[in-house]
Amino acid sequence: MSTPVTRDLVTEIIENQPVFDVAHSSRTLAWEQFKKLGLPSAKHEEYRFTPITRHLEKNFSWTSGNPESTLSSISEFLIPQLDANVIVLVNGRFNALHSKIVSLESEVTITTLSEAFRKEHPAVKEYFNKNLNTETDAFAALNTAGWHEGVFIHVQENTAVSKPIFILQVNDGSQSPVISQTRILGVLEKGSNISIIEKSDSTGNQTAFHNFAEEWIIKENAHLEYCKIQNDTGKVCQVSNSVIHQASNSKLNTFTLTLDGQLIRNNLHILIDGENCESHFYGLYLLAGSTHADNHTVVDHRKPNSFSNEMYKGIMDGNSKGVFNGKIYVRPHAQKTNAFQSNRNIIVSDTATVNTKPQLEIWADDVKCSHGCTSGQLDEEALFYLRSRGISETNAKAMLLYAFAAEVLEPIQNETLKAYLDNLIAERLHKNF
Amino acid sequence: MSKSNQVLEEITSKEYEHGWTVNLETEEAPKGLNEDIVRFISSKKNEPEWLLEWRLKAFRQWQKMVEPKWPNVTYPAINYQDIIYYSAPKQKVKPNSLDEVDPELIKTFEKLGISLTEQKRLTGVAVDAVIDSVSVATTFKEKLSELGIIFCSFSEAVKEHPELVKKYLGSVVPMNDNYFAALNSAVFSDGSFCYIPKGVRCPMELSTYFRINAANTGQFERTLIVADEGSYVSYLEGCTAPMRDENQLHAAVVELYTMKGAEIKYSTVQNWYPGDKNGKGGIYNFVTKRGLCAGDHSKISWTQVETGSAITWKYPSCVLKGDYSVGEFYSVAVTNNYQQADTGTKMIHIGKNTRSRIVSKGISAGKSQNSYRGQVHIMKRAANARNHSQCDSLLMGDQCGAHTFPYIDVENNSARIEHEATTSKIGEDQIFYCLQRGIDEEAAVALIVNGYAKEVLNQLPMEFAVEAQKLLALTLEGSVG
């Protein structure tokens, strides 16, 4: 489906806003913010390499909304043998049939976000929409104004939740085009520990636009492991806004794997608002076809004595386009900060491109910060070494690409998850040895 | 580090050395900017019709453009109608030799330590001196012309070599390239022109010295260097300005054009008045510098030591069009007090097997903000392009900022791009190591900063390296040897 590019998409979005029964005040405010922001133009510095507005104007009509799905089985999207709490959202609706909660209520509260609003959970009141940048990002504002459903997770003080939470979001475009907006709010109380796996998938031949936003609050001494897997079809456009707030002595490990989709934009924003924090964030984008993946990360050091380490790697094949922007802010007084960032890219085909912009902005003097980024091809000598040992060129290349990519998986703790991801990557890189 | 902090605090008391003015009689255009001013400048310079047309075209384009807002600097809006666009030391007739030049002028340059008198041949540098907006004297002209090298003021070149000027003016920086380049194209008053013929290796360093002297004026000069096939030239540029409470605008354009196998080495020691310790006054240095490697195997190398200006906004770039062409950029940018610098480079790889190298060292002290902004763009056709970039920042003091904005855009899969950047302060372990070996704290800081900037300073020609080291010492007085 295609509509003329000249129409005003913002007006269309505003005219088609659905009616909601929860979170009225934050929605009203966000609508105003969205109206003021509009959608980012091609000249917007943050969206310079990702012409998302043009893409949406060309491919989406806001009248479609999020239709009911008749999806009967979700087994193909699950991670085999993963022992976890499962929450399933299909087309932005909670799917009770496929969801199952196994952890105890005394450890962790897992509900839909609208129910948490209805029950007036104190954590929702305190933290919902507290850190999301709705004033500057149009998609964050749009999500806050119009989210359909979401997940609320609240981990009790000094509790280590033994089983991970698997959040599966499926967009079913088998009947009609889908526009879904979902939201997660997660609060980790002091000294708690949890692992989250968030996966997005899609099915069907129709287009889908998934506007996702999440907020995580990690309190003192708490620890969050977070893994995001984006495995959509080539018909899906996804925007994901993640804001993670860290208090003193907390620890964060995030991993983002982008495989498919038409246009993917990830905004990962980490606020280090306490001392002695540790954040590791890893990313891997394996792109082919005409996938366009854009990772924007920000780590904002607001307090002294913290450590952040970022590593994003990409392999671009076909006509794909990889975009990376990594910002490190070190605010005044955030002394003794150590921040590292690295972005490495391999371009496999003649027609793939990469645009990368690492960025350091530092206002404190007693810091150690560095970034490095590279773009190139496979090392000729390494290839020759393998070839001289009787390995075919295809296999040798696959082997080197796999080695390049798999490094990013190293820090993942959960063995089942790690094996699953390892398998996904190997399959993608045609490793058959 | 307590002592070096103390020393750093003392820097602020250091006054700008070149802050004096000379009472030169000047001829000025009225304040403001309109088509009449452009015509006035053109007629003052007895310019041919085509150049006036060119200026007017640029002026009309400028009127349609808006001032760029993206650099990481803040300053009050500039009132373009409150600037004098033409100011020239009064001279009744064009001097034929240095004896006829106003002795006040000669004194001015002697004060700056620049020899305009050819007796001082030992210095071996040919100088073209630009005061306010006009070139006042060019030395060693005859010796250079024996080799066929043309080195003269821009207005002279317009009169004597119109075919060359017409061909290359605006060929690297188009008149509508950006806001300040367009402004410059409309109102530029003078500058230097240099042409190196085929196969000639210029035997001496060529140099331009810029000085803003009059109050309320802007300086808009234009430099054009053309290196014909297989030639080589090393070019130096220096600048100073008096201390004034108001901000003065300097918007220059430098164009370099290299043909097959030619090489241009362009070095700048920029020491415009940076404003006082409270950030009052100083020069706005908004400069467009670009080199085009038009021929195969050509090379352009930029070296800059930036210590002055209240605000610097400058990106010497290389367009690597010829196959196997090479672009280099070496920079040390030092900011102190309330100075702001947003500087870096652009390397545009168009030809095959092109190589570029970027080394940028930023030092920020006081309450200054120092940004590196650079782009490495590998075009589709640029097979086997190679780039290495390194940008390091050194922070001295807890109220300054260091920022890096590198853009890396790759459209060819055989390109190899590396970029690395670090930000840190002088390590306590480094100081400790020196102390252990009997080097006192002040000398240790000096040692480390000099070592830090050495990679760039080494690129400077001898005569300039000395000046640059002195400048570094001046800007960071006390902490540098």
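Predicted model: local features only at pLDDT ≥ 70, side-chain atom pairs only at ≥ 80, totals over all residues.
Chain A comprises 9 helices and 19 strands. Its radius of gyration is 21 Å, close to the 22 Å that the globule rule gives for 433 residues, so chain A is as compact as a globular protein of that length. The C-alpha trace of chain A extends over about 65 × 50 × 45 Å along its principal axes, and 52% of the 433 residues in the chain are buried. Among the contacts in chain A with a separation of 6 or more, 84% are between residues 24 or more positions apart.

One helix pair of chain A is formed by H8(A), residues 393-406, and H9(A), residues 415-428, which pack at an angle of about 145° with their axes 10 Å apart. The crossing of these two helices is right-handed. To this contact H8(A) contributes A:Tyr402, A:Ala405 and A:Ala406, while H9(A) contributes A:Asp422, A:Ile425 and A:Ala426; by class, the contact has 5 nonpolar residues and 1 charged residue, with no polar ones.

Between the chains, 31 residues of chain A are in contact with 29 residues of chain B. On the side of chain A that touches chain B, the elements giving two or more residues are strand S18 (353-362) and strand S19 (368-376), and S18(A) gives the most, with 10 residues. By class, this side of chain A has 13 nonpolar, 12 polar and 6 charged residues.

Within its own chain, S19(A) pairs in the parallel sense with strand S17 of chain A (residues 338-347) over 9 bridges, and A:Ala339 stands opposite A:Cys369 of S19(A). The residue A:Cys369 belongs to the covered face of S19(A), together with A:His371, A:Cys373 and A:Ser375. The uncovered face of S19(A) consists of A:Lys368, A:Ser370, A:Gly372, A:Thr374 and A:Gly376.

Methods:
Residues numbered from 1 in each chain as written. Chains lettered and ligands numbered in written order. Axes fitted to C-alpha atoms, helices over the stretch in contact; angles between N-to-C directions. Helix = DSSP H or I, 4+ residues; strand = E, 2+ residues; numbered from the N terminus. Left-handed = near helix turned anticlockwise from the far one by under 90°. Contact = placed C-beta atoms within 7 Å. Nonpolar A, V, L, I, M, F, W, Y, C, P; charged D, E, K, R; others polar. Rg over C-alpha atoms; globule rule 2.2 N^0.38 Å. Buried ≥ 20, exposed ≤ 12 C-beta atoms within 10 Å, placed from the backbone. Pairing = 2+ DSSP bridges.
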